[in-house]
Amino acid sequence: MKKELSAIEAKYEAQKIAFGPMFFQSVIALRDLGILEFISSHRKGVSIDTIVEKLDVSEYGINLLIEAAEVIGVLEVEEGKVKITKTGFFLLKDEMTRINVNFMNDVCYMGAKAMTDSIVKGKPEGLKVLGDWPTIYEGLSILPEPAKKSWFDFDHYYSDGAFPEALKIVFRNNPKLIFDIGGNTGKWSFACCEHDPNVNIKILDLPVQLKVAKQNATEKGLLDRIDFHAIDLLNTEQKIPQGADVIWMSQFLDCFSKEEIVQILKNAFQAASAETTLYILEPFFDNQQYPAAQYSLVATSLYFTIMANGNSKMYSIDVMKDLVKTAGFEVVNTYPLIGDSYHSVLECKKRLDV
Ligand SMILES: C[S@@+](CC[C@H](N)C(=O)[O-])C[C@H]1O[C@@H](n2cnc3c(N)ncnc32)[C@H](O)[C@@H]1O
């Protein structure tokens, strides 16, 4: 059971939330001005005088940021020496933390003020700060920098880690033709081509993304094995073609509301035969090993609200299984938390009773 907070502790927790956004930016400044790295390189600690002397930042700025960082546990000051804490170390060196921080700062931060509006309107009202698109997906490949790099680093960091183990699962039955739905830059498709020289792939995505995927496939000399099918899966008139041995959806269904997911899965249902296997790769927030993973996934849902499309989120595994069933598929195998990633794979077949 959670320990009950005293009123004093609860008031302190509430202030952390009240001032959270400003402390976040103070850490960005500490990092970008090189102060965190400089302190980190002095394992035994370093005096404020030395920091002021060595770095091209005002004494005022250095003192201010160090005081802020001490309050939030990023730095500690003992006997006149400033040292980096474990939390500070993760902010500076840990890849997942670095990617999450950049994603927050470059993609989400400015738009986060539009949270209430986005929920009221069911639209990503924060997205306006990056561009004039109905959803972020129409703009992904043409996002302004540094938002574009931070978005793709975030997306790839999470899915890349899952691919090696996922390849073993998907290729158990020797598929000859895979449809990569929402294939984005083509990373999964290229991994499949490398894994099995006999497989062919069709990438289905919005036209703006396919341009990039096609360019990447050209550079890799894979145009004879990968083809491209422009599709807007929110448009019910546009059908997924038939003929796939495997329909692959990686970090894709979380881009949609529950109703849209059922509609997209029904589209996959009409495209599938009894032999087709549908694989869904998702990080489900309720079956994570580490609290940091669950926390990050719940935060990612907030990104979907303000920046992505205003109506999607990360799902729990049971909710996704229900949606799969509603669309006419059954989950025949669940591969929870594959590899060293945060993802599970749902292996699905058409239900025979539909
Ligand atoms: C979060 S990315 C996932 C990319 C990749 N599958 C991965 O695992 O990293 C979602 C992809 O879905 C595509 N997408 C979003 N909305 C779509 C729509 N309405 N129709 C087709 N594709 C869409 C996006 O363009 C993007 O490439």
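Helices and strands are DSSP runs, at least four residues long for a helix and at least two for a strand, and are numbered from the N terminus. On that basis Pro-146 falls in the loop between helix 7 (115-121) and helix 8. The peptide bond from Glu-145 to Pro-146 is cis, with omega at about 5 degrees.

The model is predicted. The chain holds 14 helices and 10 strands. Its C-alpha atoms occupy a box of roughly 70 × 50 × 40 Å along the principal axes. Of its 354 residues, 37% count as buried. Among contacts with a separation of 6 or more, 66% link residues 24 or more positions apart.

The domain assignment divides the chain into domain 1 (7-93), domain 2 (95-153) and domain 3 (158-288 + 309-350). The centres of domain 1 and domain 3, taken over C-alpha atoms, are separated by 42 Å.

Strand 2 pairs with strand 3 (residues 81-84) over four bridges, in the antiparallel sense. Within this pair, Leu-75 has Ile-84 of strand 3 as its bridge partner.

A series of parallel pairings involves strand 4 (residues 177-181). This strand is mostly covered, with four of its five residues buried. On strand 5 (residues 200-205), strand 4 has a parallel partner, joined over five bridges. Strand 7 (residues 246-250) also pairs with strand 4 in the parallel sense, here over four bridges. Ile-178 takes part in both pairings. Its bridge partner in strand 5 is Ile-201, and Val-246 stands opposite Ile-178 in strand 7.

The parallel pairing continues from strand 5. Five bridges join strand 5 to strand 6 (residues 226-230), and the two run parallel. Ile-201 stands opposite Ile-226 in strand 6. Strand 4, helix 10 (residues 187-195) and strand 5 form a β-α-β unit, which is right-handed. Strand 5, helix 11 (residues 207-219) and strand 6 form a right-handed β-α-β unit as well.

Asn-174 has a phi of about 55 degrees and is placed in the loop between helix 9 and strand 4. Gln-251 has a phi of about 45 degrees and sits in the loop between strand 7 and helix 12 (258-271). Their surroundings are described by C-beta counts. Asn-174 is exposed, because 10 other C-beta atoms lie within 10 Å and a residue with 12 or fewer counts as exposed. Gln-251 has 20 C-beta neighbours inside 10 Å and therefore counts as buried, the cut-off being 20 or more.

Gly-161 lies in the loop between helix 8 (147-160) and helix 9 (163-170). With 18 C-beta neighbours inside 10 Å, Gly-161 is partly exposed. Beyond its neighbours within four places in sequence, Gly-161 contacts Gly-339, Asp-340 and Ser-341. Ala-272 is 111 residues from Gly-161 in sequence, and the two are 28 Å apart in space, C-alpha to C-alpha.

Glu-330 is part of strand 9 (residues 329-335). Glu-330 is also partly exposed, with 15 C-beta neighbours inside 10 Å. Not counting residues up to four places away in sequence, Glu-330 touches Lys-325, Cys-348, Lys-349 and Arg-351. Pro-144 lies 186 residues from Glu-330 in sequence and 41 Å away in space, C-alpha to C-alpha.

How values were computed. Residues numbered from 1 in each chain as written. Predicted model: local features only at pLDDT ≥ 70, side-chain atom pairs only at ≥ 80, totals over all residues. Contact = placed C-beta atoms within 7 Å. Domains from an automatic or database assignment. Pairing = 2+ DSSP bridges. Right-handed = clockwise from strand over helix to strand, strands pointing away.
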